[in-house]
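Have it open while you read.

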There are 2 protein chains.
Amino acid sequence: MSKERIYLFDTTLRDGQQTPGIDFSVEDKIEIAKLLDGFGIDYVEGGYPGANPTDTAFFAQNRTADARFVAFGMTKRAGVSASNDPGLAALLQAKSDAVCFVAKSWDYHVRVALGCTNEENLDSIGASVEAAIAAGKEALVDCEHFFDGFKANPDYALACARTALDAGARWVVLCDTNGGTQPAEVREIVGKVIASGVPGARLGIHAHDDTGQAVANSLAAIEAGARQVQGTLNGIGERCGNANLITLIPTLMLKPLYAERFSTGIPQQGLAGISRLSRAFDELLNRAPEAQAPYVGGSAFATKAGIHASALIKEPATYEHVPPETVGNRRKVMVSDQGGKANFIAELKRRGIDVPRNDQRLDALIAVVKEREAEGYAYEGADASFELLARKMLHTVPEFFNVTSFRCMIERRFDANGNIKTVSEAIVKVVVDGEERMSVAEGHGPVNALDLALRKDLGKFQHEIGDLELADYKVRILNGGTEAITRVLIESHDSTGARWWTVGVSDNIIEASFQALMDSIVYKLMKNREMAGLVAAE
Amino acid sequence: MSKERIYLFDTTLRDGQQTPGIDFSVEDKIEIAKLLDGFGIDYVEGGYPGANPTDTAFFAQNRTADARFVAFGMTKRAGVSASNDPGLAALLQAKSDAVCFVAKSWDYHVRVALGCTNEENLDSIGASVEAAIAAGKEALVDCEHFFDGFKANPDYALACARTALDAGARWVVLCDTNGGTQPAEVREIVGKVIASGVPGARLGIHAHDDTGQAVANSLAAIEAGARQVQGTLNGIGERCGNANLITLIPTLMLKPLYAERFSTGIPQQGLAGISRLSRAFDELLNRAPEAQAPYVGGSAFATKAGIHASALIKEPATYEHVPPETVGNRRKVMVSDQGGKANFIAELKRRGIDVPRNDQRLDALIAVVKEREAEGYAYEGADASFELLARKMLHTVPEFFNVTSFRCMIERRFDANGNIKTVSEAIVKVVVDGEERMSVAEGHGPVNALDLALRKDLGKFQHEIGDLELADYKVRILNGGTEAITRVLIESHDSTGARWWTVGVSDNIIEASFQALMDSIVYKLMKNREMAGLVAAE
């Protein structure tokens with residue numbers, strides 16, 4: 001039996017940008033569009049070209065290969081023709097496969113916010129859709145406040161939808177703009193819209209989480225017949241956020257109620273990438289992943305020693321609503337974790353390190369990694385630090401050099417011209433081959449100064465690190481308040497094109513940065529030897 | 001017309017204690033029980049007396065005045081009589097108004113986890129309920145895995161519920177233990193249970209958030225006829241958490257779909273205390289409130305300058321699904337580089353600053369905000385820095401003190417015992433009333449040291465900042481690489497319960513932190529004066 005197709009529409013880059021505290025750069029947007037495109041999302045809404053310089057620059061190219069790349073914007077203004085509206089022209093000139101128009105569908109808003117007549121608004125919808133199609137684009141219409149509008153004046157709300165479809169829009173999307181509609185109401189209203197003659201195959205749902213039911217509202221609309229669902233990565237969005245696609249997608253693909261009837265554009269085996277997708281997005285926003293997030297959170301399959309833990313160990317499947325590996329997550333029983341060893345062996349093998357299962361150094365390594373991860377180290381995102389730690393504990397990394405001490409100084413004062421100036425300086429003492437060397441450097445900040453001083457004179461190793469460069473530097477505060485633990489992740493690269501991440505953790509940001517900088521240098525020296533065949537394979 | 005009563009059952013102290021990372025002390029539990037009792041919750045489940053020393057100590061007294069205080073525990077073991085089961089005896093001896101038994105209702109689990117026959121399990125349920133009633137308690141039965149059990153063997157699941165009710169249980173609670181059931185399934189199964197003869201007035205729902213639908217599942221059960229709903233404060237709980245009562249309660253009390261049919265034990269005017277309840281609970285857990293939480297989050301009624309902001313200012317009600325003050329929250333229109341003049345005026349007005357539209361200082365302020373936001377400042381997330389900047393540019397903030405210079409030193413070296421040690425020290429020179437003062441402090445890192453030194457001696461202002469504390473510290477690297485620009489956001493609070501965010505931006509993380517720390521102190525001094533009426537309203 002062939003399944004009905006549900007189309008996934010991501011608005012992370014548009015509605016997600018309305019999230020208080022989130023501001024994407026053009027580079028952020030490019031990176032996120034790539035993630036979404038690669039994952040199998042059908043539509044990627046990139047923003048509102050013409051509304052701000054970031055979105056305009058982002059739309060200078062079509063940013064997706066497989067997904068339809070969507071530009072968002074207003075319908076034409078009342079009283080001018082489509083060809084005479086500069087806003088519409090800018091929207092249609094932006095590079096995109098599709099245009100999503102936002103349109104008022106509540107007569108009250110037409111009057112109060114647009115200040116035009118109901119008929120003028122219908123005319124704007126129809127003419128804008130036709131202009132988009134004439135420009136060779138697929139047209140979608142977001143009906144703003146559709147549910148409130150339908151409650152107040154169902155005929156007018158339906159007329160807006162009808163007009164869009166008659167003009168050739170591929171989709172009409174029913175938006176619960178203020179987020180207050182309940183699932184039972186969504187189900188009823190979507191049912192009535194379809195009963196009025198609008199085909200479900202051209203209907204979408206755009207839900208907000210103001211009563212914690214954006215996902216439930218989206219599913220209720222799908223049950224009632226809608227076939228496109230809009231949402232964002234990790235549920236970011238205006239106010240309480242949009243429908244969380246990271247929660248919706250596994251439910252659609254794994255729960256028999258939906259999976260038996262529907263298909264999406266995401267290949268079944270691709271679903272295991274969803275935990276990684278969610279974390280990559282948080283990483284990009286530089287925020288800690290939500291531990292309790294459905295499917296992908298660190299606690300989503302965790303059980304504390306309690307009434308369920310022993311039963312869970314006996315029969316995990318009956319206590320888990322889906323197998324954690326289907327979403328790329330893992331089970332955590334927070335007593336003694338027996339499941340880790342095989343993973344470690346596989347992980348080490350992948351790096352060319354063979355360790356027998358009964359090697360005691362392996363148990364020691366597992367214990368150290370667990371202890372450090374409890375302290376805040378994140379080896380998942382710092383592969384070079386993990387490999388270095390493993391090789392050190394398996395005694396295959398020489399001590400190249402030893403930093404006996406460092407000192408950083410940051411000073412803010414008035415310079416000779418009476419201007420405020422902040423200077424940073426670092427001094428490093430390092431022993432190479434029994435000989436002590438001292439280096440000093442100034443930098444843009446203490447970490448930059450320390451980095452420069454560390455790499456200034458490593459004696460006989462100096463020529464090997466000439467092409468080492470810092471590519472990225474990330475800081476995360478792991479717990480709030482004044483006694484915060486800081487995690488630093490550093491990305492390095494060299495002239496061979498290799499890139500590697502290292503990690504440091506401390507209550508002192510300079511110390512954490514030092515650890516990550518050191519790991520980066522030592523990793524590079526180790527890799528040089530490995531490539532030269534000087535380190536024997538274990 | 002009289003409304004049907006919905007009973008609210010809080011399990012924060014029991015199921016909430018299964019949250020990874022949360023461990024309540026007896027004092028925590030006493031405090032939380034008080035909060036719940038005062039708010040009008042019907043049932044407060046305190047824990048599992050006998051299972052651990054904390055819960056046993058907590059149940060040495062009945063901890064609620066108005067709410068029914070509930071002890072949780074297992075039904076009697078198979079093969080012993082109720083009077084010979086020491087676990088049951090301990091449970092019945094604990095001080096409580098009611099006992100909530102957890103009972104298996106999925107035959108598969110009876111066999112695998114309990115290892116007894118289906119009949120023995122029914123006997124345990126009946127005998128335990130009878131024993132609780134004989135001990136003078138109200139009896140409730142949590143039917144574990146009810147929905148999975150019902151799908152596998154409906155007759156047996158129903159027999160468990162039936163047995164509990166026939167033995168005199170006031171409530172049978174249908175639990176979606178692994179959290180995977182969908183709202184449509186909950187609605188259908190609850191309907192079937194009621195159709196089989198179980199009165200909805202004796203049925204409860206206990207939902208988990210593993211597919212992000214615990215609230216929707218709870219409401220679906222209520223729509224189908226259940227009249228008790230279990231959940232936790234802020235949705236804490238095992239794995240992805242329980243149904244969030246902080247979200248459920250306003251929906252039940254404010255959404256016409258429910259409010260017109262149902263009543264709860266919470267007085268209507270008491271609902272405005274729910275934002276405070278939610279924040280008090282986070283405070284007790286020492287964690288930052290979730291900004292995007294429905295109804296109570298800091299962003300729940302926030303709008304960034306964008307397509308909605310100007311309309312929102314005209315007609316707030318039509319963009320808000322409930323009035324923010326009904327839940328004790330407030331509207332926020334956020335400033336950002338997309339914001340127009342009207343937003344600025346409205347935002348300033350909300351802070352008690354009236355500026356005429358044609359005031360040139362307003363144009364200057366807008367220009368400075370835009371320029372700074374282009375540099376990386378994020379005023380929408382730093383309301384105190386925004387207000388401070390506005391008041392400075394409108395010339396209403398005195399220069400309280402002047403930091404002429406500071407110096408931070410971070411040193412990593414071996415201590416006398418040969419251990420590596422990293423120490424941070426900061427020295428600050430500040431001029432107050434023409435007199436220079438110098439302070440020095442050590443801290444966990446350079447920022448902590450600088451914070452301590454800055455607030456160590458501000459002369460005549462010192463007594464005013466004694467209750468100022470750093471609550472959170474966030475760092476974001478705005479662009480990659482070595483010449484990175486760093487944005488620091490700092491949250492402060494004081495003994496009045498006020499919280500404010502400040503921001504600093506620099507290529508030097510210490511300088512950025514300094515700016516945010518300074519803004520926090522000056523903001524506090526300014527607010528103190530405002531409250532004392534020393535700053536005249538503009």
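## Overall fold

In chain A, 67% of the contacts with a separation of 6 or more are between residues 24 or more positions apart; a contact here means C-beta atoms, placed from the backbone, within 7 Å. This is a predicted model, where local features need pLDDT of at least 70, side-chain atom pairs count only at pLDDT 80 or more, and totals for chains, interfaces and linings use all residues. Residues are numbered from 1 along each chain as its sequence is written, while chains are lettered from A and ligands numbered from 1 in the order in which they are written.

The C-alpha trace of chain A spans about 85 × 75 × 45 Å along its principal axes. Of its 538 residues, 50% count as buried (20 or more other C-beta atoms within 10 Å of a residue's own). Chain A has 19 helices and 18 strands, taken as DSSP runs: H or I of at least four residues for helices, E of at least two for strands, numbered from the N terminus.

## The annotated domain

UniProt, in an unreviewed entry, puts "domain: Pyruvate carboxyltransferase" at residues 6-272 of chain A. That stretch is 42% helix and 17% strand, with its end C-alpha atoms 19 Å apart.

## A helix pair

Helix 5 (residues 118-134) of chain A packs against helix 7 (residues 154-166) of chain A at about 25 degrees, axes 8 Å apart. The two are therefore roughly parallel (angles under 35 degrees). Helix 5 of chain A contributes A:N118, A:L122, A:I125, A:G126 and A:V129 to the contact, and helix 7 of chain A contributes A:Y156, A:A159, A:C160, A:T163 and A:A164.

How values were computed: Axes fitted to C-alpha atoms, helices over the stretch in contact; angles between N-to-C directions. Parallel < 35°, antiparallel > 145°, perpendicular 65-115°, else oblique. Contact = placed C-beta atoms within 7 Å. UniProt positions renumbered as here; feature names shortened; annotations may be inferred. Buried ≥ 20, exposed ≤ 12 C-beta atoms within 10 Å, placed from the backbone.
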